Amino acid sequence: MADLTITFEGDLVQDNRVPLRVLGRTLFHLQKSLDRAYLDLNGNLYKNAKLHPSHYAETEIMVLDAYEGSFKLDLGKRGQWVQEQLERVKQALSGVNEEMESQGIDTLNRLKVAHSARINQVAQNSVEPIPYEQAVHVLSQEHSRRYGDRAILRELDQILAIIRSPTSGESFFEIEIGGTKRQKFSFDRQDAELFSSLIKRRSLSVPIIFKGRLEVMSRKNRSGRIVNLDTGKSCNIYFFNENSFIEVVDKFRTNDVFSFIGSSLVEYEAFDPEAGDIYYIGLCSPE
């Protein structure tokens, strides 16, 4: 029996076939979700991390047979890590599937409101910013969902975007994963929209003290790229308004290292401590 089976049904399928762009996109993001699972299992997952070609052989999954009746494609394991990868993907899907069944979703994006609130809290001394090293420990406890879940599910959400598209009509996607317990996960358009809303739920962390050096700044977008000197990784930084952007322009021009207060982006109750986005709050007061 195949280790993984994907099935399309409905208006997308004609004479047991699907369009090349549908199948191509599906297989591309399915492979990326498995890559993310492998990186997570080996402790090497962070924003924009990629699987090195030296690991391809041990993570190889083969395309097997296509079936009549709808469009159904079997994939079987070949690499030694594939079973663990499939279990990891199944674990992530099981979590979001339980939430889809048990609770509603507030889809309103409150990120700008949250950013403003954090700025006011720090200005009024109602919240004490914490050092980065301490923040990583605190956030790991506060946001229990693993970052790997979100990374895996974001790739699968790209497949479900096909089902959400009005051009797909009434279509369905199903993924079946074998292993210790065989499970099926089925999605129509409503399910796909709920899935996407869930994994894109966003908030901001407690205020954190960062140390960094700006690499790029964009006045038009009020954003930039900054090297977090605690991790050595480059990440996005966002500014609330023109004044907060101007506050650090000189640091960029002189290539200075500086300490500042910011909040990490939290998505689907997960955050990336290595290279996650930062929302700027203000410069640290001179000691």
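What percentage of the 287 residues in the protein chain is buried? In this predicted model, buried residues account for 46% of the chain. The secondary structure consists of eight helices and twelve strands, and the C-alpha atoms occupy a box of roughly 70 × 40 × 35 Å when the box is taken along the principal axes. Among the contacts with a separation of 6 or more, 70% are made by residues 24 or more positions apart. The accessible surface of the protein chain amounts to about 15000 Å², and carbon and sulfur atoms contribute 47% of that surface. The chain carries 36 positive and 41 negative charges, whose mean positions lie 5 Å apart.

Helix α1, which comprises residues 20-41, contains 22 residues and extends 32 Å from its first C-alpha to its last, a value close to the 32 Å expected at 1.5 Å a residue. When residues up to four places away in sequence are not counted, His29 touches Glu155, Gln158 and Ile159. Helix α1 is followed by Gly43, for which phi is positive, near 70 degrees.

Within α3, the buried residues are Leu111, His115, Arg118 and Val122. These residues cover an arc of only 60 degrees around the axis, and they are therefore placed on the same side of α3. An α-helix has 3.6 residues a turn, so residues three or four places apart point the same way. On the other side of α3, the exposed residues are Lys112, Val113 and Ala123. The cover over the buried residues of α3 includes strands β7 (202-204) and β10 (233-238), together with β11 (258-267) and β12 (278-283). Helix α3 is followed by Asn125, for which phi is likewise positive, near 60 degrees.

Key: Residues numbered from 1 in each chain as written. Predicted model: local features only at pLDDT ≥ 70, side-chain atom pairs only at ≥ 80, totals over all residues. Heavy atoms only, no water. Buried < 20%, exposed > 50% of the residue type's maximum accessible area, 1.4 Å probe, protein only. Helix = DSSP H or I, 4+ residues; strand = E, 2+ residues; numbered from the N terminus. Arc of directions from axis to C-beta. Contact = heavy atoms within 4.5 Å. Areas by Shrake-Rupley, 256 points an atom, 1.4 Å probe, with all protein chains shown as cover. Lys, Arg positive; Asp, Glu negative; His and termini not counted. Charge placed at Lys NZ, Arg CZ, Asp CG, Glu CD. Expected span 1.5 Å × (residues − 1).
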